[in-house]
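Welcome! Have a look at the model first, then read on.

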Amino acid sequence: MSASRSLLAASATTHQAPWSLCSPSAGVVDFSSSATMPPERRRTRPSGDQSVEGLQMDQGGRRRAEEPGHLGPARAAAAFEHRPVMLREVLEVLREVPPGLVVDATVGGGGHAAALLAARPDLSVVGLDQDPDALAAARATLAPFGPRVRLLQARFDDRSALEDAVGTEEVVAWCFDLGVSSPQLDRAERGFSYRLAGPLDMRMDPGRPGPTAAELVNEWPPERLAAIFAESGETRLAGRLARAVVAARPLHSTAELAAVVERAVPAGARRRGHPARRVFQALRMAVNDELGALGRALPAALARLAPGGRCVVLSYHSGEDRLVKAVFQEAATGGCRCPSGLPCVCGAVPLVRL
């Protein structure tokens, strides 16, 4: 997995026009920057729902972070010390959106949302996330903004939850900050980390029914494991690793899985960090259907974008990056299939400019 991170943005348009690639000084529409920190430590961001201390509760009465097994508001806020990535660039991208509602589809500890609300008093935020502990932290961070914030525990492809939170309101901006968070990795009981011994869980929302990483590791056939190791783990040793995992069954802990992977990887292939990193990444993405959810959520987000609004995506994985670019390209061309260089005659209507 590359250690780079990229920011891509699309601006809604109401007229048919060719998309254009703009420079940061012209409004930051598409660019990337390198990151030197290890990929699994790049950000602090989880997922969940709730609201208290002046924030509105979701209408569905979904689980609160204070339920057994989850941190309370004060502890969660401390555990999710949110230092959002590329904050200056995100604010610049969203600086000129019209007044109205912003959907922070991965609100996490609330870092991007807090900065945006402070910079733009004419905006309000609906924050979505799967992790109840993350939303407890977001409640504390965003409490000073009172009724300008609504928080909801939901994955960003949950259309019914989004309809409950947004209704028919126009959305002037969407923000997606993808991947896993440092606080999730730092809690061994969540099962995300190959460095800490814990259960093979890896669910972003630990309260939802499976599958867990344990189910995938112990029940999937080697061909299916190899496929996700190759696609999401981006490793050429996918088949070898899958066979090693199947041979070692049953596996019950992150430490056991990490040791199996380490033994299966030749010494010469261990130069780019711990060999289990890619396997854990692939399992996490499969457990949470991360690429599938993103592929469903992005087109829906662009369809709900108000004229002049913008959609911003921070990606950390080449699969995410390709998917975002494909969805944005489709929206920017309106799905036009006319020959390149010739006028469009198929009636395609672009939705956005890149």
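The crossing of α10 and α11 is right-handed, meaning that the near helix is turned clockwise from the far one by less than a right angle. This is a predicted model, in which local features need pLDDT of at least 70, side-chain atom pairs count only at pLDDT 80 or more, and totals for chains, interfaces and linings use all residues. Residues are numbered from 1 along each chain as its sequence is written, and side-chain values use heavy atoms, with hydrogens and water left out.

**Where α10 meets α11**
- Contact (heavy atoms within 4.5 Å) is made by Thr 254, Leu 257, Ala 258 and Val 261 of α10 and by Ala 276, Val 279, Phe 280 and Leu 283 of α11.
- The axes of α10 (residues 254–264) and α11 (residues 276–287) come within 9 Å and cross at roughly 130°; axes are lines fitted to C-alpha atoms over the stretch in contact, and angles run from 0 to 180 degrees between N-to-C directions.

**The two sides of α8**
- Leu 225, Ala 226, Ile 228 and Phe 229 of helix α8 (residues 222–231) are buried, that is, under 20% relative accessible area, while exposed means over 50% and partly exposed lies in between (1.4 Å probe, protein chains only).
- Turned away from that buried side, Glu 223 and Glu 231 of α8 are exposed.
- The buried residues of α8 pack against α7 (213–219), α9 (238–247) and α11.

**The whole protein**
- There are 13 helices and eight strands, where helices (H or I, at least four residues) and strands (E, at least two) are DSSP runs, numbered from the N terminus.
- Buried residues make up 56% of the 354 residues.
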